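Let's take a walk through this structure together. Have the sequence and the 3D view open, and we'll stop at a few spots along the way.

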Amino acid sequence: MDMVEGRTVDYLRVSVTERCNFRCQYCMPEKPFSWVPKENLLSFEELFLFMKVAIDEGVNKIRITGGEPLLREGLDTFIKMIHDYKPDIDLALTTNAYLLPQTAQKLKDAGLKRLNISLDSLKPEVAHQIAQKDVLDQVLKGIDKALEVGLGVKINMVPLKGINDNEILDIIDYCQERNIKVRFIEYMENAHASKTIEGMHGREILEKVKERYTIKALGREGASPSFNYVLDDGYEFGLIDPHKHDFCENCNRIRLTAEGNLIPCLYFDEAMSIAESVKKGDIQGAADVLAQVLKDKPKENRWSEDNPNEEDISTRAFYETGG
Ligand code: SAM
Ligand code: SF4
């Protein structure tokens with residue numbers, strides 16, 4: 001696919017719903033005033049039509065996300081459509097794991113390879129405080145089930161000051177015991193999050209890890225958003241640090257929302273719709289929108305490394321964009 005400011009865009013994240021069964025304080029603390037009406041959602045066939053265009057243009061990595069993607073009925077059939085079109089595509093899904101106990105096997109059978117699972121706490125009351133629901137037991141069962149059926153698993157944790165910041169080492173222990181990777185995500189300030197929370201900067205997260213370990217920086221893995229580190233005992237973890245000035249240099253991602261808006265950058269509101277094209281089956285029209293969005297991809301986001309100001313607060317809802 002096209003080079004954008006020296007970056008090859010070959011990674012598409014597709015949100016299949018903005019709805020969610022959690023109310024995470026950093027993402028969707030309250031039920032939105034209104035959901036996108038169901039009739040405005042693209043069908044799986046329409047989403048798939050665009051995905052074929054993107055795959056033919058060189059996308060080789062697809063991540064399905066939301067909202068909570070497992071809430072959308074027929075997801076396994078959608079995964080199978082993508083898998084059958086290009087079996088060697090790197091096909092992953094991001095989920096809060098709540099519905100995994102009953103869906104993991106079906107997802108695996110449909111051709112899904114990997115899961116990124118959000119796990120912010122190992123304490124039931126803290127997990128409840130963050131998701132505003134009693135979720136931990138079911139989430140841990142979901143992770144066990146995913147591992148049991150042979151899906152690749154990575155854990156995402158968003159450390160928040162005074163809430164789960166004292167669990168960073170516990171989450172490393174949990175992941176190390178299961179031989180899975182954890183990626184700590186810097187909280188990204190956005191207008192929809194709870195006003196009462198404060199995220200941790202990447203360097204503060206690393207300080208917590210250094211309370212027990214010596215760590216060595218390994219660097220960014222290709223175009224991955226994660227900067228990798230290795231502990232003195234050999235365990236590797238990642239840090240997703242969008243506040244860092246070089247974070248956007250290798251960004252290879254574009255995003256498609258469930259209603260067909262193609263978004264070049266998580267931070268910004270700008271988007272172009274592919275809905276009309278795919279509803280008409282107009283492949284060339286969809287390809288043209290894709291080309292335009294790639295051309296418009298911003299050079300970098302506006303989360304700044306230091307001295308936060310009002311530009312640091314994105315107006316985007318991550319549950320809509322597909323974080
Ligand atoms: N519901 C699924 C989940 O929670 O994994 C998928 C969608 S969620 C929007 C995708 C990822 O975005 C999750 O790992 C979540 O922790 C992260 N996320 C959401 N809001 C965020 C924020 N304000 N800052 C950092 N990460 C955020
Ligand atoms: Fe839902 Fe995921 Fe957002 Fe939490 S982070 S509210 S689970 S979409």
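Predicted model: local features only at pLDDT ≥ 70, side-chain atom pairs only at ≥ 80, totals over all residues.

The protein has ten helices and 14 strands. Of its 323 residues, 57% are buried. If you take the contacts between residues at least 6 apart in sequence, 72% of them join residues at least 24 apart.

Start with helix H1, which covers residues 44-56, and helix H2, which covers residues 75-85. Their axes come within 11 Å and cross at roughly 25 degrees. Angles under 35 degrees count as roughly parallel, so H1 is roughly parallel to H2. As for handedness, the crossing of H1 and H2 is right-handed. Who does the touching here? On the H1 side, the contact is made by Phe44, Glu45, Leu47, Phe48, Met51, Lys52, Ile55 and Asp56. H2 brings Leu75, Phe78, Met81, Ile82 and Tyr85. Sorted by class, that contact has ten nonpolar residues, three charged ones and no polar ones.

A search of the whole structure turns up six aromatic pairs. One of them is Phe48 with Tyr85: the ring centres are 5.9 Å apart and the planes sit at 90 degrees, so the pair is edge-to-face. Phe48 is in helix H1 and Tyr85 in helix H2, 37 residues apart, so this pair links distant parts of the chain. Are these two residues buried or exposed? Phe48 is buried, with a relative accessible area of 11%. Tyr85, at 34% relative accessibility, counts as partly exposed, because that value falls between the 20% limit for buried and the 50% limit for exposed.

Tyr229 is buried, and so is Phe237. They also belong to a cluster, in which ring pairs link Phe184, Phe227, Tyr229 and Phe237.

Now find Ala131, which is in helix H4, residues 124-131. At 3% relative accessibility, Ala131 counts as buried. What does Ala131 touch, leaving aside residues up to four places away in sequence? The answer is Phe22, Arg23 and Cys24. Take Cys24: Ala131 and Cys24 are 107 residues apart in sequence, yet 4.1 Å apart in space, C-alpha to C-alpha.

Most residues other than glycine have a negative phi. Gln132 is not a glycine, but it has a positive phi of about 60 degrees. You'll find Gln132 in the loop between H4 and helix H5 (136-148). Gln132 is partly exposed, with a relative accessible area of 41%. Asn179 also has a positive phi, near 60 degrees, without being glycine. Its loop lies between helix H6 (168-178) and strand S8 (181-185). Asn179 has a relative accessible area of 69%, so it counts as exposed.

Conventions:
Residues numbered from 1 in each chain as written. Chains lettered and ligands numbered in written order. Heavy atoms only, no water. Axes fitted to C-alpha atoms, helices over the stretch in contact; angles between N-to-C directions. Helix = DSSP H or I, 4+ residues; strand = E, 2+ residues; numbered from the N terminus. Parallel < 35°, antiparallel > 145°, perpendicular 65-115°, else oblique. Left-handed = near helix turned anticlockwise from the far one by under 90°. Contact = heavy atoms within 4.5 Å. Nonpolar A, V, L, I, M, F, W, Y, C, P; charged D, E, K, R; others polar. Phe/Tyr/Trp six-rings, centres within 6.5 Å; stacked < 30°, edge-to-face > 60°. Buried < 20%, exposed > 50% of the residue type's maximum accessible area, 1.4 Å probe, protein only.
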